[in-house]
Amino acid sequence: MIHTTLCYVLRGEDVLMLHRVKKKNDINKDKWIGIGGKFLPGETPEACLLREVLEETGLTLTKYRYRGIVTFLTENPENDQYMHLFTADSFTGELKECDEGDLQWVSRDFIDSLPQWEGDKIFLHLLWEDAPWFELTLRYEGDRLVQAILNGKEMSRN
């Protein structure tokens, strides 16, 4: 199982989003996601978070919160992952160009209208509701979300 981090950096009502348009063979191509990436050997979730945000944005997080863990299950177990989810609302530094896509501050009210994974909408809703630490399992068949389990209980999907 791959371990990754994902962080939503907040500035008032705006969220720093990454429009994934630059990497070849990117599973997230054309999607809008938070900032993050894969753990290096021996790295903790917090160390990976701080490194990835600095590498991708040029920002140094000074206040962040570990919000939950999202397990992604796919048809190919080599792509399954545990994603450690964070928000951050304090940072230093200036935004730099990202080699994985275009960084943009986006109003929280506008995020749902952007192309994103169906499961991302579930955990973003939990973040915006200020839900306590959670465990979310998302099972995908191809690009289609087929199951969502929050804190051990299957979520109804309409």
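Guide: What follows goes through the cores, a pocket, the cysteines and some backbone angles. This is a predicted model, in which local features need pLDDT of at least 70 and side-chain atom pairs count only at pLDDT 80 or more, while totals for chains, interfaces and linings use all residues. Residues are numbered from 1 along each chain as its sequence is written, and side-chain values use heavy atoms, with hydrogens and water left out.

Visitor: How do I read a nonpolar core, and which residues have the most contacts inside the largest one?

Guide: A nonpolar core is a set of buried Ala, Val, Leu, Ile, Met, Phe, Trp, Tyr and Cys residues joined through side-chain atoms within 4.5 Å. Buried means under 20% relative accessible area, exposed means over 50%, and partly exposed lies in between (1.4 Å probe, protein chains only). Here the largest nonpolar core holds 27 residues, and those with the most contacts inside it are Tyr 8, Val 70, Leu 85, Phe 123, Phe 134, Leu 136 and Leu 138.

Visitor: Which elements give two or more residues to this core?

Guide: Helices (H or I, at least four residues) and strands (E, at least two) are DSSP runs, numbered from the N terminus. The contributors of two or more residues are β1 (2-11), β2 (14-19), β5 (60-73), β6 (81-92), α3 (118-128), β8 (134-141) and β9 (144-150). The largest share, five residues, comes from α3. Apart from this core lies another, of 15 residues, including Leu 18, Ile 33, Leu 59 and Trp 105. As for α3 itself, its buried residues include Gly 119, Asp 120, Ile 122 and Phe 123, as well as Leu 124, Leu 126 and Leu 127.

Visitor: What is Val 70 in contact with, beyond its sequence neighbours?

Guide: Contact means heavy atoms within 4.5 Å. With neighbours within four places in sequence left aside, Val 70 is in contact with Gln 81, Tyr 82, Met 83, Leu 85, Phe 123, Phe 134, Leu 136 and Leu 138. Met 83 is found in strand β6 and counts as buried, at 5% relative accessibility. Among the residues that Met 83 touches, not counting those up to four places away in sequence, are Thr 4, Leu 6, Gly 68, Val 70 and Phe 123. Met 83 and Gly 68 are 15 residues apart in sequence and 8.4 Å apart in space, C-alpha to C-alpha.

Visitor: Is Thr 71 buried or exposed?

Guide: Thr 71, in strand β5, is buried, with a relative accessible area of 12%. Not counting residues up to four places away in sequence, Thr 71 touches Met 1, Gln 81, Tyr 82, Leu 136, Thr 137 and Leu 138.

Visitor: How is a pocket found, and what lines the second largest pocket?

Guide: Rolling a probe the size of a water molecule over the atoms shows where empty space is left. On a 1 Å grid over the protein atoms alone, a cavity is a set of points where a 1.4 Å probe fits but cannot get out, and a pocket is an open set with protein on both sides within 12 Å along at least five of seven lines; lining residues have an atom within 4 Å of a point. The lining of the second largest pocket includes Leu 10, Lys 63, Arg 65, Arg 108, Trp 128 and Asp 130. β5, β6 and α3 each supply at least two residues of this lining, and the largest share, four residues, comes from β5.

Visitor: Where is Arg 108 found?

Guide: Arg 108 is found in helix α2 (residues 108-111) and counts as partly exposed, at 27% relative accessibility. Leaving aside its neighbours within four places in sequence, Arg 108 is in contact with Glu 13, Val 15 and Trp 128.

Visitor: How many disulfides does a search of the whole structure find?

Guide: A disulfide is a pair of cysteine sulfur atoms within 2.5 Å. The search of the whole structure finds zero. For Cys 7, the nearest cysteine sulfur is that of Cys 48, 11 Å away. Cys 7 is buried, with a relative accessible area of 0%.

Visitor: What is the phi of Asp 130?

Guide: Most residues other than glycine have a negative phi. Asp 130 has a positive phi of about 60 degrees although it is not a glycine. Asp 130 is in the loop between α3 and β8, and is partly exposed at 46% relative accessibility.
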